[in-house]
Amino acid sequence: SRRQCRSARVAARVHPDQFVGVCEQTGVTLSRYLFELQKRGVIDSDLSSIFNSIREASKVIAKLVSTAPLRQAELLGLEGAINVQGEDQKKLDVITNEVFKRALRYCGKVGTLAS
């Protein structure tokens, strides 16, 4: 549609250097970038909500990965199942998949989810 084409053109022109008051230590975070795109009408609140859910899930996964060596029995090793490629599933793979699915289900903006 025309609106989608316009949004795509505007998104291509939105550059983080245009943002006012960017923190020198963190730069432009995903939250800030999404806020700026939403403010300019490039994305709507639904898409922003989905990206925020992905961001939060990523933080949880980063924490799990950083603590995995300390929690070996819980997070590392094989899960006991085989994935669609015929590979043994790792515990951390299964856990992170659940983290993403729960985060996206919780946001209420995703109709169908496959993993």
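Modeller: Serine 48 is part of helix H3; helices here are DSSP runs of H or I with at least four residues, strands are runs of E with at least two, and both are numbered from the N terminus. This is a predicted model, where local features need pLDDT of at least 70, side-chain atom pairs count only at pLDDT 80 or more, and totals for chains, interfaces and linings use all residues. Residues are numbered from 1 along each chain as its sequence is written, and side-chain values use heavy atoms, with hydrogens and water left out.

Biologist: Is serine 48 buried or exposed?

Modeller: Serine 48 counts as buried, at 6% relative accessibility. Buried means under 20% relative accessible area, exposed means over 50%, and partly exposed is in between, with a 1.4 Å probe and protein chains only.

Biologist: What does serine 48 touch, leaving out residues up to four places away in sequence?

Modeller: Leu34, Gln38 and Ile43. Contact means heavy atoms within 4.5 Å.

Biologist: Which other residues in H3 are buried?

Modeller: Besides Ser48, the buried residues of H3 include Ser53, Ala57, Ile61, Leu64 and Thr67.

Biologist: What about the helix itself, how does its span compare with what it should be?

Modeller: Helix H3 covers residues 45-67, and its 23 residues should span 33 Å at 1.5 Å a residue. The end C-alpha atoms are 33 Å apart, which agrees. The expected span is 1.5 Å times one less than the number of residues.

Biologist: Where is phenylalanine 51, and how exposed is it?

Modeller: Phenylalanine 51 is in helix H3 as well. Its relative accessible area is 35%, so phenylalanine 51 is partly exposed. Phe51 also belongs to a nonpolar surface patch with Leu30, Leu47 and Ile54, and together they have about 290 Å² of accessible area.

Biologist: How is a patch defined, and which element gives the most to this one?

Modeller: H3 gives the most, with three residues. Patches are made of residues with over 30% relative accessible area and no salt bridge; like charges are joined within 9 Å, and nonpolar side chains (Val, Leu, Ile, Met, Phe, Trp, Tyr) within 5 Å. The areas come from the Shrake-Rupley method with a 1.4 Å probe, and for residues only the protein chains shown count as cover.

Biologist: Switching to charges. How many salt bridges are there?

Modeller: Eight, taking a salt bridge as a side-chain nitrogen of Lys or Arg within 4 Å of a carboxyl oxygen of Asp or Glu. One of them joins lysine 109 to aspartate 46, with the closest N and O atoms 3.1 Å apart. Lysine 109 lies in the segment after helix H5 (91-107) and aspartate 46 in helix H3, so this pair ties together parts that are 63 residues apart in sequence.

Biologist: How exposed are those two?

Modeller: Lysine 109 is partly exposed at 40% relative accessibility, and aspartate 46 is partly exposed at 34%. The C-alpha atoms of aspartate 46 and glycine 108 are separated by 9.0 Å, although these residues are 62 apart along the chain.

Biologist: What about salt bridges within one helix?

Modeller: Lysine 59 and glutamate 56 form a salt bridge, at 3.5 Å from N to O. They are three residues apart in helix H3, so about one helical turn separates them. In helix H5, glutamate 98 and arginine 102 are four residues apart, again about one helical turn, and the closest N and O atoms of their salt bridge are 3.7 Å apart.

Biologist: Why does that spacing work?

Modeller: An α-helix has 3.6 residues a turn, so residues three or four places apart point the same way.

Biologist: Which residues make up a salt-bridge network?

Modeller: Arg32, Glu36, Lys39 and Arg40 are linked in one.

Biologist: Now the whole chain. What is the order of elements?

Modeller: From the N terminus the order is α-α-α-α-β-β-α, which comes to five helices and two strands. Of the 115 residues in the protein, 20% are buried.

Biologist: And confidence: what is the mean pLDDT, and which elements have the lowest and the highest?

Modeller: The mean pLDDT, the predictor's confidence in each residue from 0 to 100, is 77, and 70% of the residues reach 70 or more.
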